[in-house]
Amino acid sequence: MRTLAAMEVETRASMSLVLELARLLGLQENGKASENDELVFRLLTPITKLYTAKQAVSVISEGLECFGGQGYIEDTGLPGLLRDAQVLPIWEGTTNILSLDVLRAITKTEGRVILAFRDAVMKKISHAREQSRSDLVSVCDVLEKGLGEILEFLQHAAKEGPEYLEIPARDLAYSLARVYAGALLIEHASWSEACHSDVAVAKRWCSQNLSPVFRCHTLGAYTSGESSLDYEITMKGHPQFE
């Protein structure tokens, strides 16, 4: 049951991102989007596609495993779900290509998409805190810490030059996705109609590493020598490498 609950948390987070993107698109199409809405929409478009696509494959694979041997048998139709899901992170931009589009959005707006992202997340956190929900205090603190770590990393990256972000592009996109999804789940859990399980979903989501880009940064994973190490890790022992 714990595995099924974890799959549901992932599904709700991905659904929240998709619905938020649809909300922003609706505002844009009706001429009601603010400048910040436009900026968040620009940033969330590649982030939502790349993150939900990867999670779809992961969650469906976990679902097949839950069925045991039946999940592997073609007669059940379950393997087809996994094959169909695998196209999601490939068509309309692979994960790495969309991660570079995230960098493009940051560069072309001179970082304004990040400021809009920060404001949107903090607005949702502030709204949750205003509801005086004691069961959301700690999770709001955790999410705000994750947001702060992303901003701290980006401040460091700004000093390193435009090419520095290419190596951590995927980690950055994942971090942005996790933090924004967390903000959406907290916002939902703060509604008066929300139930206890909605709060539990927000807490479980925010219990993971929300900013992997910051953790890797603190471990020195993006230093100048890491690119050559990537090649060595991948190719060492291959005849053409020697």
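I started with the second largest pocket, which has 16 lining residues; Arg23, Asp37, Ala120, Lys123 and Lys124 are the ones nearest its centre. The model is a predicted one, and I kept that in mind for every entry here.

**Second largest pocket**

I looked up the volume of the second largest pocket and found about 280 Å³. I then asked which helices each supply at least two residues of its lining. They are helix H1 (2-29), helix H2 (35-66), H5 and helix H7 (169-189). H5 has the largest share of this lining, with six residues. By residue class, I noted seven charged, six nonpolar and three polar residues in the lining of the second largest pocket.

**Largest pocket**

I went on to the largest pocket, whose volume is about 380 Å³. I recorded 15 lining residues for the largest pocket, with Ile106, Gly111, Leu154, Ala158 and Leu165 nearest its centre. Helix H4 (95-108), helix H5 (112-130) and H6 each contribute at least two residues to this lining. Which helix gives the most to the lining of the largest pocket? I found that H6 does, with five residues.

**H6 against H8**

Helix H6 covers residues 137-160 and helix H8 residues 196-206; their axes come within 10 Å and cross at roughly 35°. I logged the crossing of H6 past H8 as left-handed. On the H6 side I listed Val139, Val142 and Leu143, which meet Ala202, Lys203 and Cys206 of H8. I counted the residues of this contact by class as five nonpolar, one charged and no polar.

**Record entries**

I checked the UniProt record for domains. At residues 3-106 an unreviewed entry gives "domain: Acyl-CoA dehydrogenase/oxidase C-terminal". In the model I found residues 3-106 to be 77% helix and 0% strand, with the end C-alpha atoms 36 Å apart. The UniProt record also has "domain: Acyl-CoA dehydrogenase 11-like C-terminal", again from an unreviewed entry, at residues 113-233. For residues 113-233 I noted 74% helix and 0% strand, and a distance of 35 Å between the end C-alpha atoms.

Methods:
Residues are numbered from 1 along each chain as its sequence is written. This is a predicted model: local features need pLDDT of at least 70, side-chain atom pairs count only at pLDDT 80 or more; totals for chains, interfaces and linings use all residues. Side-chain values use heavy atoms; hydrogens and water are left out. Axes are lines fitted to C-alpha atoms, for helices over the stretch in contact, and angles run from 0 to 180 degrees between N-to-C directions. Helices (H or I, at least four residues) and strands (E, at least two) are DSSP runs, numbered from the N terminus. A crossing is left-handed if the near helix is turned anticlockwise from the far one by less than a right angle, and right-handed if clockwise. Contact means heavy atoms within 4.5 Å. Ala, Val, Leu, Ile, Met, Phe, Trp, Tyr, Cys and Pro count as nonpolar, Asp, Glu, Lys and Arg as charged, and the others, Gly among them, as polar. UniProt positions are given in the numbering used here, feature names are shortened, and annotations may be inferred rather than shown by experiment. On a 1 Å grid over the protein atoms alone, a cavity is a set of points where a 1.4 Å probe fits but cannot get out, and a pocket is an open set with protein on both sides within 12 Å along at least five of seven lines; lining residues have an atom within 4 Å of a point. Grid points are joined across faces, edges and corners, and a volume is the space filled by probe spheres set on the points.
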